[in-house]
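Visitor: I have a new model to go through. Please start with the terms and then take my questions as they come.

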Amino acid sequence: MTQSDTTSAPSTTMAETTASLPATVGVLGGGRMGAGIAHAFLLAGARVHVVERDAAAADAARERVETAIERSAARGRTVPDADTLTTGTDPASFADAGLVIEAVPEDRALKLDALARIEAAVHDGAVVASNTSSISIDALAASLVRPERFLGLHFFNPVPASALVEVVTGAATAPQVVSAATTWVEAIGKTAVVVRDAPGFASSRLGVALGLEAIRMLEDGVASAHDIDTAMELGYRHPMGPLRTTDIVGLDVRLGIAEELERAFGARFTPPALLRELVAQGHLGRKTGRGFYEWSE
């Protein structure tokens with residue numbers, strides 16, 4: 001795969017992208033989530049530009065995507081040509097994209113800055129999306145010039161194994177943009193659920209409520225992390241328990257979402273002290289090797 005920063009004339013229009021997958025997709029942020037999103041669109045046949053904050057981060061993003069594609073090839077999937085992925089540091093490479101997704105960490109200021117940079121680079125027919133899991137789409141849209149072309153596309157971690165994407169509609173989101181986004185989610189082999197902009201949307205609000213209560217139970221010594229998770233897996237047929245899920249999502253991510261929901265809904269979403277302590281100690285789950293469980297790659 002190649003690394004480059006390029007600017008070219010727009011190659012897609014709104015009419016073209018509503019019909020099928022955009023020919024070119026941009027992703028701002030190449031961490032675990034951004035790389036997973038890039039991987040999904042590459043496998044579906046799109047060209048993908050990934051933009052990161054500096055050259056080292058761009059190289060790391062490219063390595064993540066290439067590793068994911070190698071794993072797909074090992075499982076017998078048809079993989080894209082090497083030149084369909086470019087990575088770099090200049091958002092100007094989004095000039096030809098029909099869709100650009102912001103996938104930076106769950107911080108309002110970071111996302112507002114990322115979206116402003118994207119909107120300054122894309123052509124008028126492009127759709128801009130945020131991968132936020134809890135921040136209001138309307139609040140993010142308020143700073144945009146074209147809020148009618150903006151919505152949330154909430155992917156789940158890990159992206160390759162997750163079947164769901166929340167399509168989050170803001171008050172200004174145009175109906176044809178919602179329709180296009182739903183089509184694109186289906187084109188990458190996932191299921192779309194359309195939800196109105198509300199704190200935590202559907203999945204984060206319910207998932208975090210369960211996860212926080214599981215942490216409180218662990219804090220109170222009700223049962224071990226393993227037994228709490230097993231109770232939900234075997235008793236309620238959850239594919240994964242809430243504490244292991246929190247480790248995979250990232251304890252810092254869950255803390256950020258809980259704080260956002262606490263501001264909206266009050267004390268029922270107050271983060272437990274144990275969650276704050278683990279985050280402060282740098283124990284963020286699978287990505288750091290320790291959370292509620294010990295992890296090794």
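Guide: Helices (H or I, at least four residues) and strands (E, at least two) are DSSP runs, numbered from the N terminus. This is a predicted model: local features need pLDDT of at least 70, side-chain atom pairs need 80 or more, and totals for chains, interfaces and linings use all residues. Residues are numbered from 1 along each chain as its sequence is written, and side-chain values use heavy atoms, without hydrogens or water.

Visitor: Where does P158 lie?

Guide: P158 is in the loop that runs between β7 (150-155) and β8 (164-169).

Visitor: What about the phi of R237?

Guide: R237 has a positive phi, about 60 degrees, although R237 is not a glycine. Most residues other than glycine have a negative phi, and most peptide bonds are trans.

Visitor: Which loop is R237 in, and is R237 buried or exposed?

Guide: R237 sits between α8 (225-235) and α9 (242-249). With a relative accessible area of 76%, R237 is exposed (over 50%; buried is under 20%, partly exposed in between, 1.4 Å probe, protein chains only).

Visitor: Change of topic: K190. Buried or exposed?

Guide: K190 is buried, at a relative accessible area of 10%. K190 belongs to the loop between α6 (175-187) and β9.

Visitor: Which residues is K190 in contact with?

Guide: Beyond its neighbours within four places in sequence, K190 is in contact (heavy atoms within 4.5 Å) with A40, V159, P160, S162, A163, V165 and V185. V165 is 25 residues away from K190 along the chain, and their C-alpha atoms are separated by 6.8 Å.

Visitor: And D197, where is that?

Guide: D197 is in the loop between β9 (191-196) and α7 (203-219). Leaving aside neighbours within four places in sequence, D197 is in contact with S136, I137, D138, V168, T169 and G170. The side chain of D197 also reaches the backbone nitrogen of I137, at 3.0 Å.

Visitor: How far away is the nearest side chain of opposite charge to D197?

Guide: That side chain is R196, 7.0 Å away (Lys and Arg count as positive, Asp and Glu as negative; His and chain ends are not counted). D197 is buried yet has no salt bridge (a side-chain nitrogen of Lys or Arg within 4 Å of a carboxyl oxygen of Asp or Glu).

Visitor: How many salt bridges are there in the whole structure?

Guide: A search of the whole structure finds 12. One of them pairs K111 with E102 at 2.5 Å, N to O, and both residues are buried. Another joins the side chains of R276 and E259, at 2.9 Å from N to O. R276 is in helix α11 (residues 273-280) and E259 in helix α10 (residues 251-265), so this pair ties together parts that are 17 residues apart in sequence.

Visitor: Are R276 and E259 buried, exposed or partly exposed?

Guide: R276 is partly exposed, with a relative accessible area of 37%. E259 is also partly exposed, with 25%.

Visitor: What does R263 form a salt bridge with?

Guide: R263 pairs with E260, their closest N and O atoms being 2.9 Å apart. The two are 3 residues apart in helix α10, so about one helical turn separates them. R263 is exposed, with a relative accessible area of 60%, whereas E260 counts as buried at 12%.

Conventions
Polar contact = N/O pair within 3.5 Å; in protein donor to acceptor, adjacent residues only side chain to side chain.
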